[in-house]
Amino acid sequence: MLQLPKTCYIGLALSALAAPASASEMFASDSPWMLGDWGGTRSELLEKGYDFTLGYTGEMGSNLHGGYDHDRTARYSDQFTFGSHLDLDKILGWHDTEFQLTLTERHGDNISNDRINDPRVGGFTSAQEVWGRGETWRLTQMWIKQKYFDGALDVKFGRFGEGEDFNSFPCDFQNLAFCGSQVGNWVGGIWYNWPVSQWALRVRYNLSDELYTQVGVFEQNPSNLESGNGFKLSGSGTQGAVMPVELVWTPHIQGLKGEYRAGYYYSNAKAQDVLKDSNGQPAALSGAAYRSSSSKHGMWIGAQQQVTSLASDQSRGLSLFANATVHDKKTNAIDNYVQAGLVYKGPFDARAKDDIGFALARVHVNPAYRKNARLANQAAGIDDYDNPGFLPVQDTEYSAELYYGIHLADWLTVRPNLQYIRHPGGVSQVDGALVGGLKIQSSF
């Protein structure tokens with residue numbers, strides 16, 4: 001029998017404490033904080049411009065059936081987030097100015113690494129999105145934001161990740177294919193999502209109340225990914241810059257909220273070709289180094305739209321979403337990705353804050369990348385998948401997830417989920433995997 005990690009029991013036990021009480025008290029179900037309002041101190045600090053947060057996300061994944069290794073087990077990974085947001089207009093009188101400082105700490109294990117995916121090539125998605133970028137402390141946000149011209153111009157500078165502003169998407173699902181900025185999942189070598197940060201500048205201009213455009217410049221420095229560099233502030237190791245530009249439309253269609261995004265990114269750092277050497281021949285056969293490209297680029301589109309609501313509560317109802325990315329075929333393993341799904345909030349009158357989510361995703365491997373793997377096996381004289389030296393050929397991976405979000409308190413949501421991954425890592429020889437998951441999101 002599988003045993004849940006102790007952390008799971010802690011999270012479930014906390015839900016039992018969420019009883020009706022004053023919102024200022026500890027464990028009150030209608031309080032945004034598990035530890036309450038500190039006798040009113042938190043509300044007083046908020047009024048003065050000080051907002052302090054402590055968040056926790058924990059994710060359990062178990063390979064119920066299939067995958068690369070059929071030996072069943074369960075893995076747990078989690079993240080603590082320590083944040084402070086300062087309204088410098090209230091604190092120092094700096095008009096329309098904000099400051100954000102956030103530290104994160106991750107640790108744990110991921111069921112996808114060796115149970116779901118073939119470890120010789122790894123996978124593309126992850127059944128536990130909170131795992132990744134090292135078990136370490138990081139300076140995830142340290143930025144200052146200033147608005148000009150009555151809020152029309154918004155400038156942000158400091159350390160943060162691209163997905164914080166560009167190609168942004170919620171993270172309620174547990175599978176990485178449905179969580180956060182998807183560009184960072186498919187070009188992770190240059191686009192660093194949370195919790196990694198780098199020096200960056202983002203400039204946004206509001207064309208109207210519902211339409212804005214933004215452009216950014218982000219330091220492309222692979223050393224920021226290293227576990228020992230979570231608080232690195234120097235620019236040593238910088239290879240270039242990633243420059244995204246995006247147009248965002250946030251309409252209210254028949255009173256229902258929507259968000260539509262279209263963007264493009266360009267990296268001026270050198271990137272390695274996935275197939276050819278400097279003479280235009282397959283590097284896997286010639287033995288020469290893969291040729292270098294002077295840049296890397298791609299684009300994305302995304303849409304979220306609420307389509308139904310209840311007259312008694314506008315927040316309840318059905319929302320649809322879809323995302324797609326396209327990437328440089330010369331230098332990137334993934335050439336395109338598509339995803340679509342739905343979320344229904346408030347499915348039952350007695351559970352007005354619960355939500356149900358379902359999504360599907362397809363990750364497609366660049367044909368040139370596949371050809372390179374075939375040629376590498378040819379050069380090695382290996383054609384047997386079971387040979388340890390064989391390089392599995394990756395093609396297309398499909399993912400699906402169904403979750404039910406149990407809103408136990410305003411500070412605690414638990415989301416049991418069921419995931420199915422077909423051709424994990426794009427390797428057709430790997431059995432389709434059924435994964436049982438549990439996601440805990442809490443604010444202390």
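Helices and strands are runs assigned by DSSP and numbered from the N terminus, with at least four residues (H or I) for a helix and at least two (E) for a strand. The exercises below apply this to a predicted model.

**Exercise 1. Backbone exceptions**

Determine which residues a cis peptide bond joins, and where the proline of that bond is found.

Solution. Most peptide bonds are trans, and most residues other than glycine have a negative phi.

Step 1. The cis bond joins Trp 194 and Pro 195, with omega at about 10 degrees. Pro 195 is found in the loop between helix 5 (183-186) and strand 6 (198-206).

Step 2. Positive phi values come next. Trp 38 has a phi near 50 degrees. Trp 38 lies in the loop between helix 1 (6-16) and helix 2 (41-48). Arg 133 has a phi near 65 degrees, and its place is in the loop between helix 4 (112-116) and strand 4 (137-148).

**Exercise 2. The pairing of strand 10**

State how many bridges strand 10 forms with strand 8, with strand 9 and with strand 13, and in what sense the strands pair.

Solution. 

Step 1. Strand 8 (residues 240-249) pairs with strand 10 in the antiparallel sense over eight bridges. Within this pairing, Trp 249 has Tyr 260 of strand 10 as its bridge partner.

Step 2. Strand 9 (residues 252-253) and strand 10 are also antiparallel, over two bridges. His 252 stands opposite Lys 257 of strand 10. The hairpin of strand 9 and strand 10 has two residues between the strands, and Gln 254 takes a positive phi near 55 degrees there.

Step 3. Strand 10 and strand 13 pair in the antiparallel sense over 10 bridges. Here Glu 259 is opposite Gln 304 of strand 13.

**Exercise 3. The second largest pocket**

Describe the second largest pocket by its volume, its lining residues and the elements that contribute to the lining.

Solution. 

Step 1. The volume of the second largest pocket is about 560 Å³. There are 26 lining residues, and those closest to the centre are Pro 170, Gln 304, Gln 306, Ser 319 and Lys 345.

Step 2. Two or more lining residues come from each of strand 10 (256-267), strand 13 (296-306), strand 14 (317-327) and strand 15 (334-345).

Step 3. By residue class, the lining divides into 11 nonpolar, nine polar and six charged residues.

Step 4. The pocket can be linked to Exercise 2 through Gln 304, which is among the residues closest to the pocket centre and stands opposite Glu 259.

**Exercise 4. Two arginines**

Classify Arg 316 and Arg 370 as buried or exposed, and locate each of them.

Solution. 

Step 1. Arg 316 is found in the loop between strand 13 and strand 14. Its relative accessibility is 7%, so Arg 316 counts as buried, the limit being under 20%. Pro 347 is 31 residues from Arg 316 along the chain, and their C-alpha atoms are separated by 7.7 Å.

Step 2. Arg 370 is found in helix 7 (residues 367-380). At 13% relative accessibility, Arg 370 is buried too. Arg 370 and Pro 392 are 22 residues apart in sequence, with 9.1 Å between their C-alpha atoms.

**Exercise 5. Aromatic contacts**

Identify how the rings of Tyr 50 and Phe 52 are arranged, and which charged residues lie over the faces of Tyr 385 and Trp 143.

Solution. 

Step 1. The count comes to 17 aromatic pairs, the ring centres lying within 6.5 Å. One of them joins Tyr 50 and Phe 52, at 6.5 Å centre to centre with 10 degrees between the planes. Planes under 30 degrees apart count as stacked, so this pair is stacked. Tyr 50 is partly exposed at 29%, as is Phe 52 at 37%.

Step 2. Phe 80 and Phe 82 form a stacked pair, 6.4 Å centre to centre and 20 degrees between the planes. Phe 80 is partly exposed at 26%, and Phe 82 is partly exposed at 32%.

Step 3. Phe 169, Phe 173, Phe 178, Phe 321 and Tyr 403 form one aromatic cluster.

Step 4. Arg 120 lies over the face of Tyr 385, 4.7 Å from the ring centre. Lys 156 lies over the face of Trp 143, 4.5 Å from the ring centre.

Conventions: Residues numbered from 1 in each chain as written. Predicted model: local features only at pLDDT ≥ 70, side-chain atom pairs only at ≥ 80, totals over all residues. Heavy atoms only, no water. Phe/Tyr/Trp six-rings, centres within 6.5 Å; stacked < 30°, edge-to-face > 60°. Buried < 20%, exposed > 50% of the residue type's maximum accessible area, 1.4 Å probe, protein only. Lys NZ or Arg CZ within 6 Å of the ring centre and 35° of its normal. 1 Å grid on protein atoms, 1.4 Å probe; cavity = no way out; pocket = protein on both sides within 12 Å on 5 of 7 lines; lining within 4 Å. Points joined across faces, edges and corners; volume = space filled by probe spheres on them. Nonpolar A, V, L, I, M, F, W, Y, C, P; charged D, E, K, R; others polar. Pairing = 2+ DSSP bridges.
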